[in-house]
Amino acid sequence: MHPLLLDLPPEAWDLGPEPDYRRKQVAEWLYHKRAASVAEMTNLPAALRRKLDATYDLAALKLAKLQGSHDTTRKLLWELRSGDYIESVLIPASPDLFGERSDRFTLCLSTQVGCAYGCKFCASGLEGFKRNLTPGEIVAQIVETERHTKTRINNLVFMGMGEPLANYANLLQALAIINAPWGLGLGARHITVSTSGLAPQIRLLAEQPLQIRLALSLHGASDDVRLKIMPVNRKYPLAELLDACAEYQEKKRKMMTLEYILIDGVNDSLDQATLLVKHARRLHAKVNLIPYNTVDGLDWRRPSDFVIDRFAAVLHAAKITATVRREKGHDIDAACGQLRLKQLKAAA
Ligand code: SF4
């Protein structure tokens with residue numbers, strides 16, 4: 001196994017005695033023309049192509065399974081060079097109010113194999129943490145998804161398997177490639193990082209010049225309720241976490257998102273709704289309410305429509321922007337980590 005070309009920035013590539021403009025050409029083949037092999041890089045001299053082939057690997061991932069559902073959400077299971085599996089989910093924008101389909105395609109990306117954070121609703125946490133993805137393995141999910149689905153992705157959400165901020169250095173390197181004009185050239189305002197709530201890394205991200213959007217998996221509006229769902233709350237309780245988010249909001253001046261999975265009898269009370277209003281107001285955040293998706297092996301339930309609507313009404317009455325997200329791709333196990341979990345169980 002050679003080093004992965006996508007793991008390195010162009011200035012670190014070993015191109016032998018070739019002039020510097022070759023770096024731009026190679027980057028163009030990789031990120032603009034989405035070349036799948038060095039052989040396709042036809043404007044490079046044969047000696048350089050041989051050198052690249054002998055020094056680096058190009059393919060970070062192999063498509064193991066592609067599932068699509070009738071609402072055209074597609075789920076991609078990837079096999080890494082290490083033999084591990086990760087997944088990405090491609091979500092088309094819903095038809096708008098006039099029934100027009102927008103051309104926005106969002107890719108939900110993984111950043112780790114497994115996850116150490118053990119959020120109680122999540123399949124990724126069930127098998128524990130295995131390893132961090134490299135920058136190239138993160139970026140390759142975008143390039144390979146475009147190749148296999150013939151779709152141009154214009155929106156990214158780091159919300160797949162793993163806690164992105166726990167793989168902070170590799171995430172930043174991947175973001176640099178994604179954002180750079182020589183890379184994928186995707187504007188930071190089309191990129192959202194979703195975290196379970198690592199307060200110190202939220203502060204670090206706030207110092208970065210990139211205007212990345214932040215989404216926080218809140219799921220409980222008080223420490224006692226959040227702790228039932230998010231073990232990370234023990235390490236970073238709400239007061240500390242919300243302070244870090246307020247700092248992010250202050251520095252970036254971007255509307256952040258609070259994700260809130262509604263679980264029957266656990267976090268769907270009117271008291272929680274009232275506290276959520278307080279947090280959303282302080283952070284100038286919008287709220288995504290996500291009725292719980294059943295996960296094999298977990299026994300929580302989705303609240304009734306009456307309870308969901310009653311919870312949302314508290315937010316709306318307080319003029320908080322809140323949407324109830326009827327989960328897309330429910331029928332293809334698009335909740336994070338479920339497809340990989342099935343693959344692991346099948347292989348066991
Ligand atoms: S929700 Fe995210 S942080 Fe929590 S266990 Fe799942 S993958 Fe990890």
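Visitor: What are the ground rules for the numbers?
Guide: This is a predicted model, where local features need pLDDT of at least 70, side-chain atom pairs count only at pLDDT 80 or more, and totals for chains, interfaces and linings use all residues. Residues are numbered from 1 along each chain as its sequence is written, and side-chain values use heavy atoms, with hydrogens and water left out.

Visitor: Which residues of α10 are buried?
Guide: Val307, Ile308, Phe311, Ala312 and Leu315; buried means under 20% relative accessible area, exposed over 50% (1.4 Å probe, protein chains only). Helices are DSSP runs of H or I, at least four residues, and strands are runs of E, at least two, numbered from the N terminus.

Visitor: And what is exposed on the other side of α10?
Guide: Phe306 and Ala317.

Visitor: What covers the buried residues?
Guide: The cover of α10 includes β10 (257-262), α9 (270-283), β11 (286-291) and β12 (322-324), with contact meaning heavy atoms within 4.5 Å.

Visitor: What comes after α10?
Guide: Lysine 319 follows α10, and its phi is positive, near 65°.

Visitor: Switching to α8: what do its buried residues pack against?
Guide: They pack against α5 (199-207), β9 (213-217), α6 (223-229), α7 (232-235) and α9. Among the buried residues of α8 are Leu238, Tyr248 and Lys252.

Visitor: Which residues are around the ligand?
Guide: Cys115, Tyr117, Gly118, Cys119, Phe121, Cys122, Ser124, Gly162 and Ser196, each with a heavy atom within 4 Å of the ligand.
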